[in-house]
Amino acid sequence: MTLQPDPAPLYADHLATLTRRADQALARGGLDHLVIPSGRLHYQASDDLGYPFYVNPQFKAWLPLTRVPDSWIVYTPGKRPQLIFLQPRDYWHVVPGTPEGWWVEHFDIHIIRTPDEAIALLPKPANRCAILGEPLSTLGEYAPNNPEAVVDYLAWHRSYKTAYEIALMRQAQALAVRGHRAAEAAFRNGASEFQIHMTYCAAVGQDASELPYGNIIGLNEHAAVLHYTELGRSAPAVSRSFLIDAGASAAGYASDITRTYAADTGSEFQAMIDAVDAAQIRMCEAVGPGVDYKQLHIDAHLSLMGILKDFGVITVSPEAALVSGVSAAFFPHGLGHPLGLQVHDVAGFAESDRGGRIPRPAGHPYLRMTRLLEPGMVVTIEPGLYFIDMLLDDAKAAGHTDAINWDRVAHFKPFGGIRIEDNVLCTDSGADNLTRPAFAAAPSHSR
């Protein structure tokens, strides 16, 4: 197994980068202090049952802490950052341990026993603070204000990952691939969607609240539902195909990986998977500095329609399928999105660090990234081909009946669809695929 990079020696430079960005963001906003609440627990109405806690992404950018509600980071330019850490007196729940590890030497740490004790430690006056978070985090007069100039600047620069962040994202790849290998083996052993999901979680060592998003586990026709998360408890009578879109978290950083498998590895559907996989590798290799992500998306449509043409599913050229909208019936989502602290990370449409928005190409409403790629960005590349009744009916209604071979559609529809997704780092010299080496280091044991 490939040795994973250690984020510890990279953290000091990461923190220095964050403080430089914070200095500039505060200057842009005309404010004196950056205040970041970790977030609060949400409780169900008329009950003391809490929803899963998801830490504020702005908070976990600074610290590898993801399960610490009612804590705060405070940064004032020229001073050491502070952590106000809630360690309550509580016998109902596990109390967070005193902070320790390689990052603590970089913070002044204040332990509080109740959330309200943070007020005395937060910088005064509150109206001189950029407070980044959700409304529920309000504490006294410290209500998240999310100043636009500050948020725009930080979001833009969050696109450029530090070496520390890339190290954690590589760890997240390795964890997810461990789950993907186990999930494929479970599929080939006849498991249900729910059983595959549980196998994945066990292999990764993370439960549903720790994973970066809900696992998409689709057998047969369910692979045609883009966000299929129902997790059937019974295995289908006939096993034809399996699509899994699942990631993992490493100190709050996400991986987001999709693979598709055919039960019969000698089938025509397996040949189509192989064709999409080869095309997806070429799309990943096209990532590089100065490349327009919008053009990558358009090129993906042409490449995928070429595959459908080769397999006899469409009767028109790839170019004609793109112009007419037929391609969107088979590839209805975007090529991918930024990835990092959030699965769909921020600033995918940003025009600059002062805001603005780069529009999507006409006719492509679900593309999540429109920027030029630059070194340090991590994006997903996830082309897909699906056989979705609703979209195929729309194509018929739009007058495109003759552009599609409906007998071939009927042949492939029971398999649902295909999606292949890798996470790719843009470097000065081109693409660094973070996902493929993780699979190479964890060979399949499914056969």
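Reader: Let's start with α4 and α5: what is the handedness of the crossing where α4 passes α5?

Author: This is a predicted model, and in this model α4 passes α5 in a right-handed crossing. The two helices pack at an angle of about 145°, and their axes are 8 Å apart.

Reader: And which residues make the contact between α4 and α5?

Author: On the α4 side they are L175, A176, R178, G179, H180, A182, A183, A186 and F187, while α5 contributes I196, T199, Y200, A203 and V204. Sorted by class, this contact of α4 with α5 has 10 nonpolar, 3 polar and 1 charged residues.

Reader: OK, another pair then. At what angle do α1 and α3 cross?

Author: The axes of helix α1, residues 11-29, and helix α3, residues 148-158, cross at roughly 150° and come within 7 Å. Angles over 145 degrees count as roughly antiparallel, and α1 and α3 are therefore roughly antiparallel to each other. The crossing of α1 and α3 is right-handed.

Reader: Which residues of α1 and α3 touch?

Author: From α1 the contact involves R21, A22, Q24, A25, R28 and G29, and from α3 it involves A149, V150, Y153, L154, H157 and R158. By class, the contact of α1 with α3 is made up of 6 nonpolar, 3 polar and 3 charged residues.

Reader: Now the strands, please. In what order do the 3 strands of the open sheet come?

Author: The order in this open sheet is β6-β7-β10, and the pairing is antiparallel. Strands β6 (216-219) and β10 (257-262) each have a single partner strand and stand at the edges, so one side of each is left without a neighbour in the sheet. From one strand to the next, the twist averages 5°.

Reader: How many bridges join β6 to β7?

Author: There are 4 bridges joining β6 to strand β7, residues 241-246, and the two strands run antiparallel. Within this pairing, L219 stands opposite F242 in β7.

Reader: Which strands of that sheet does helix α4 touch?

Author: Helix α4, residues 163-188, packs on the sheet and touches β6, β7 and β10, and its direction makes about 20° with that of β10. Helix α5, residues 193-204, also packs on the sheet, where it touches β6 and β7, and its direction makes about 145° with that of β6.

Reader: Which strands does β3 pair with?

Author: β3 pairs with strand β2, residues 72-75, in the antiparallel sense over 3 bridges, and with strand β4, residues 108-112, in the parallel sense over 5 bridges.

Reader: How many residues lie between β2 and β3?

Author: β2 and β3 form a hairpin with 6 residues between them, and G78 in the turn has a positive phi of about 90°.

Reader: Which residues other than glycine have a positive phi?

Author: Among them are D70, with a phi of about 60°, and A347, with a phi near 70°. These values stand out because most residues other than glycine have a negative phi. D70 is in the loop between α2 (57-60) and β2, and A347 lies in the loop between α9 (326-330) and β11 (350-352).

Reader: Does D70 count as buried or exposed?

Author: The cut-off for buried is under 20% relative accessible area, so D70 counts as buried at 16%. A347 is buried too, with a relative accessible area of 17%.

Reader: And R67, buried or exposed?

Author: R67 lies in the loop between α2 and β2, and at 57% relative accessibility R67 counts as exposed. Leaving aside neighbours within four places in sequence, R67 is in contact with F53 and E210.

Reader: Last one: where is there a cis peptide bond?

Author: A cis peptide bond joins K124 and P125, with omega at about -10°. P125 is found in the loop between β4 and β5 (129-131).

Methods. Residues numbered from 1 in each chain as written. Predicted model: local features only at pLDDT ≥ 70, side-chain atom pairs only at ≥ 80, totals over all residues. Heavy atoms only, no water. Axes fitted to C-alpha atoms, helices over the stretch in contact; angles between N-to-C directions. Parallel < 35°, antiparallel > 145°, perpendicular 65-115°, else oblique. Left-handed = near helix turned anticlockwise from the far one by under 90°. Contact = heavy atoms within 4.5 Å. Nonpolar A, V, L, I, M, F, W, Y, C, P; charged D, E, K, R; others polar. Pairing = 2+ DSSP bridges. Buried < 20%, exposed > 50% of the residue type's maximum accessible area, 1.4 Å probe, protein only.
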